[in-house]
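Please keep the model in view while reading the points below.

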Amino acid sequence: MTHVVTENCIKCKFTDCVDVCPVDCFREGPNMLVIDPDECIDCAVCIPECPANAIFAEEDTPADQLHFIKLNAELAMADGWKSITKRKPALPDADAWNNKPGKLADLIR
Ligand code: F3S
């Protein structure tokens with residue numbers, strides 16, 4: 001089991017989640033973070049930290065977000081997706097993009 005970052009992180013990337021992760025399992029892309037499923041210990045402390053409510057336990061991932069389980073695993077291994085361990089400023093229009101649907105098309109890999 002792991003935890004999963006889902007679509008609402010895209011174009012927000014608030015990064016509050018990384019400050020609380022005890023095993024540094026977040027990986028950073030240009031406009032989203034993902035969780036490395038091989039590192040995540042399922043502690044769940046990141047879930048309430050996300051202002052976008054984008055993180056779920058794998059078993060609680062909403063039906064319309066299940067494709068993000070595979071996507072997190074893929075992107076965690078992708079070139080250029082590096083470990084992020086310290087919070088940084090959110091993306092410039094994060095508040096405006098929070099809770100906007102259909103952001104998967106905007107994911108930059
Ligand atoms: Fe993304 Fe939420 Fe973390 S928006 S970067 S999963 S705090």
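The side chains of arginine 109 and glutamate 74 form a salt bridge, with N and O 4.0 Å apart; a salt bridge here is a side-chain nitrogen of Lys or Arg within 4 Å of a carboxyl oxygen of Asp or Glu. Arginine 109 belongs to the segment after H3 and glutamate 74 to helix H2 (residues 67-76), so the pair ties together parts that are 35 residues apart in sequence. The model is predicted: local features need pLDDT of at least 70, side-chain atom pairs count only at pLDDT 80 or more, and totals for chains, interfaces and linings use all residues. Residues are numbered from 1 along each chain as its sequence is written, and side-chain values use heavy atoms, with hydrogens and water left out.

**Salt bridges**

- The structure holds seven salt bridges.
- Arginine 109 is exposed at 61% relative accessibility, whereas glutamate 74 is partly exposed at 37% (buried means under 20% relative accessible area, exposed over 50%, partly exposed in between, with a 1.4 Å probe and protein chains only).
- Glutamate 28 pairs with lysine 88 in a salt bridge whose closest N and O atoms are 2.6 Å apart.
- Because glutamate 28 lies in strand E2 (residues 26-28) and lysine 88 in the loop between strand E5 (82-83) and H3, this pair ties together parts 60 residues apart in sequence; helices (H or I, at least four residues) and strands (E, at least two) are DSSP runs, numbered from the N terminus.
- Glutamate 28 is buried at 18% relative accessibility, while lysine 88 is partly exposed at 37%.
- A network of salt bridges links Lys13, Glu28 and Lys88.

**Threonine 15**

- Threonine 15 is located in the loop between strand E1 (3-5) and helix H1 (16-20), and counts as buried at 2% relative accessibility.
- Its side chain reaches the backbone oxygen of lysine 88 at 2.8 Å.
- Neighbours within four places in sequence aside, threonine 15 contacts Leu33, Ile84, Arg87 and Lys88 (contact means heavy atoms within 4.5 Å).

**Ligand surroundings**

- Residues around the ligand include Lys13, Thr15, Asp16, Leu33 and Ile55, a residue being near a molecule if one of its heavy atoms lies within 4 Å of it.

**Isoleucine 47**

- Isoleucine 47 sits in the loop between strand E3 (33-35) and strand E4 (55-57) and is partly exposed at 28% relative accessibility.
- Not counting residues up to four places away in sequence, isoleucine 47 touches His3, Ile55, Phe56 and Ala57.

Definitions and conventions:
Polar contact = N/O pair within 3.5 Å; in protein donor to acceptor, adjacent residues only side chain to side chain.
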